[in-house]
Amino acid sequence: SPTNMNDLLELIMKRIAPIAETKKVELIQTMELELVIEGLIKSKGFQDVVVTNSTNNVNVIVKSGELSSQDVSQIVSVVKEQTGKDLDNIKIMPIS
C-alpha cells in the first residue's frame, strides 16, 4: 500500500541522510586541502598548480618546463606537511 511505501522511503532517507552528509563533509575537506596545497605551492613561485588528493595519492600538476630537484623538494615538502603522505604516494607532473 502507498503508506507502507512512504514509510519505507522515509526510513531509507533517515538512514541515508547521515551517510550522505558525512561524504559531503569529507569531499569539502578534500577540496579545501587541495586549495591550501595549491596556494602554498604558488607561494613558492609556481604560477599554475592543480592538486588532486585521493585516499592513497596526491597528484601535483605544475606548469613548468622543467623542475629542478630543489623545485621538486619544495613541492614535496608542502604536500608531505599538509597531508602526511609518503614520497611514494606523491606524484609531481610538470607540464609546459
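The model is predicted. The chain has two helices and three strands, arranged α-β-β-α-β from the N terminus. Its radius of gyration is 20 Å, whereas a compact globule of 96 residues would have a value near 12 Å.

**Overall shape and surface**

- The C-alpha trace spans about 70 × 25 × 20 Å along its principal axes.
- Of the 96 residues in the chain, 22% are buried.
- The accessible surface of the chain is about 6900 Å², and carbon and sulfur atoms account for 55% of that surface.
- Counting contacts between residues at least 6 apart in sequence, 56% join residues at least 24 apart.

**Secondary structure elements**

- Helix H1 covers residues 2-42.

**Nonpolar core**

- The largest nonpolar core has 15 residues, and the members that touch the most other members are Ile41, Val60, Ile75, Val79 and Ile92.
- H2 supplies four residues, the most of any element.
- Leaving aside residues up to four places away in sequence, Ile92 touches Val60, Val62, Leu67, Val72, Ile75 and Val76.
- In soluble globular proteins, nonpolar side chains tend to be buried together.

- Met5, Leu8, Leu9, Leu11, Ile12 and Ile16 make a nonpolar surface patch of about 530 Å².
- Leu9, one of the patch residues, is found in helix H1.
- Leu9 has a relative accessible area of 46%, so this residue counts as partly exposed.
- Met31 also lies in helix H1.
- Met31 is partly exposed because its relative accessibility is 45%, a value between the limits of 20% and 50%.
- The C-alpha atoms of Met31 and Lys44 are 20 Å apart in space, with the two residues 13 apart in sequence.

**Salt bridges**

- The structure has three salt bridges.
- Lys14 and Glu10 form one of them through their side chains, with an N to O distance of 3.5 Å.
- Lys14 is exposed at 57% relative accessible area, while Glu10 is partly exposed at 45%.
- Glu21 and Lys24 meet in another salt bridge, with an N to O distance of 3.9 Å.
- Glu21 and Lys24 are three residues apart in helix H1, so about one helical turn separates them.
- Glu21 is partly exposed at 41% relative accessibility, and Lys24 is partly exposed with a relative accessible area of 47%.
- Lys23 and Glu26 also form a salt bridge, in which the closest N and O atoms are 3.8 Å apart.
- About one helical turn separates Lys23 from Glu26, because the two are three residues apart in helix H1.
- Lys23 is exposed, with a relative accessible area of 53%, whereas Glu26 is partly exposed at 39% relative accessibility.

Key. Residues numbered from 1 in each chain as written. Predicted model: local features only at pLDDT ≥ 70, side-chain atom pairs only at ≥ 80, totals over all residues. Heavy atoms only, no water. Patch = residues over 30% accessible without salt bridge, like charges linked within 9 Å, V, L, I, M, F, W, Y side chains within 5 Å. Areas by Shrake-Rupley, 256 points an atom, 1.4 Å probe, with all protein chains shown as cover. Salt bridge = Lys/Arg side-chain N within 4 Å of Asp/Glu carboxyl O. Buried < 20%, exposed > 50% of the residue type's maximum accessible area, 1.4 Å probe, protein only. Core = buried A, V, L, I, M, F, W, Y, C linked by side-chain atoms within 4.5 Å. Contact = heavy atoms within 4.5 Å. Rg over C-alpha atoms; globule rule 2.2 N^0.38 Å.
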